[in-house]
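User: I am new to this structure. Please show me how to read its features one at a time.

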Amino acid sequence: DEISNLTVAVRIRPMNSRELACIGAVDIVKVCDDQLIIRTQIGSNGNMSTDHVFHYDHVFWSCDELNPKYATQEDIFRTLGDPLLDSAFRGYNACLFAYGQTGSGKSYSMMGKNMCEIIDIDSQQFTGITPRFCRNLFDRISKLENSAASVEVSYFEIYNEKIHDLLANSNAMNRAPLKVREHPELGPYIVDLSVHVVKSYKELRNWLLIGNKNRATAATVMNEKSSRSHSIFSIELCLSEGLIEEGSSRRSRVSLVDLAGSERLGNSHNTEEKIREGVCINKSLLTLGKVISALSDQKKNQFVPYRDSVLTWLLRESLGGNSLTSMLATISPANTHLDETLATLRYACQARSIINRARVNENPHD
Ligand code: ADP
Ligand code: MG
């Protein structure tokens, strides 16, 4: 009853106008099946080159729509989102997180081109994984026979190690941050986080839009917040099978995570506030890295420092625990981002060595 359950994928976005306008900016990423090659010119006249070769479970090349190997939003959903949906229906927890420097395509991949305007998936080729996941979830629920399903959602962000509900009534962002507690059986949870029962994709989509708007508002009020916070959209699926007396129920949680920008703190961050933000983001992503490397270390009884950051504490069940995990690392194809791109690719390689064992959340007496 155990399956290997970590998938690591990389997506390369198109060059943006700033990169195209930059003199000497060139595309340095080559893709060959599931192999990704970074070619860098060395030597003063650029006549020598060196290759960095990386292997992943999937490499999505999304640079030029006219090229037949172009990976669409739907392709990415089919490859990464669908298996998470399958596992949720089988009673496993699942988690997908997007990792990469600011501007590399995390939010585009997770939510879509304009996260405040998720209209209709059928006419929206730009819609990201999260709304596609939600729509497919309800498509599958409508086809269920002899079982009942209930769906609950929550949406929050972690900024400076503090949790803010993105779906709470009003002025949510002005409220005191929420606290994490440990439940003896269910693990870590957020006290007083609002949870919303949804009966259709339309209802779910409305919550998603409210949360996205709250995210955008908070980002406008506090400059750069969007790149410095982690956002977590969480869906809980409960399936009850057969007659109530003899039936059993299965509960699973899917967390779709848009991580803070992975870029390292530069010298330009000189105000106290900015330094504190940077330290906290580094703390979460740094701890995530430590957790990943502790898990990838095959030695038994290796201490895994989940509690060192709010993000890893809450994601505990999705990293090495009772869950299926996918990571989408996003990168720019331009040589101007070489250092951050290599840092992202190395982080993703390290993540790929985690071996998770998942267990079904089944409770026959529930
Ligand atoms: P991040 O969330 O990592 O900071 P975004 O997702 O906001 O980055 O992407 C930055 C910009 O690049 C946005 O304007 C977005 O629309 C564009 N972009 C990102 N990925 C793609 C892609 N695969 N195809 C087309 N445009 C993209
Ligand atoms: Mg973003």
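User: Is Val-254 buried or exposed, and why?

Analyst: This is a predicted model, in which local features need pLDDT of at least 70, side-chain atom pairs count only at pLDDT 80 or more, and totals for chains, interfaces and linings use all residues. Residues are numbered from 1 along each chain as its sequence is written, while chains are lettered from A and ligands numbered from 1 in the order in which they are written. A residue is buried if 20 or more other C-beta atoms, placed from the backbone, lie within 10 Å of its own, exposed if 12 or fewer, and partly exposed in between. Val-254 is buried because 27 other C-beta atoms lie within 10 Å.

User: Where is Val-254, and what does Val-254 touch?

Analyst: Helices (H or I, at least four residues) and strands (E, at least two) are DSSP runs, numbered from the N terminus. Val-254 belongs to strand E13, residues 249-258. Contact means that two C-beta atoms, placed from the backbone, lie within 7 Å. Leaving out residues up to four places away in sequence, Val-254 touches Leu-84, Ala-88, Ala-94 and Ile-235.

User: How many helices and strands does the chain have?

Analyst: The chain has nine helices and 15 strands. Of its 366 residues, 40% count as buried.

User: What span should helix H4 have?

Analyst: The expected span of a helix is 1.5 Å times one less than its number of residues. H4 (residues 129-142) has 14 residues and should therefore span 20 Å, which agrees with the 20 Å between its end C-alpha atoms. Its buried residues include Ile-129, Phe-133 and Leu-137.

User: At what angle do H2 and H4 pack?

Analyst: Axes are lines fitted to C-alpha atoms, for helices over the stretch in contact, and angles run from 0 to 180 degrees between N-to-C directions. Helix H2 (residues 73-89) packs with H4 at about 45°, their axes being 10 Å apart. Angles under 35 degrees count as roughly parallel, over 145 as roughly antiparallel, 65 to 115 as roughly perpendicular and the rest as oblique. H2 and H4 are therefore oblique to each other. Among the residues that meet are Phe-77 and Leu-80 in H2, with Phe-133 and Leu-137 in H4.

User: Where does Tyr-306 lie, and is Tyr-306 buried or exposed?

Analyst: Tyr-306 is in the loop between helix H7 (272-296) and helix H8 (310-314). Tyr-306 counts as buried because 23 C-beta neighbours are inside 10 Å.
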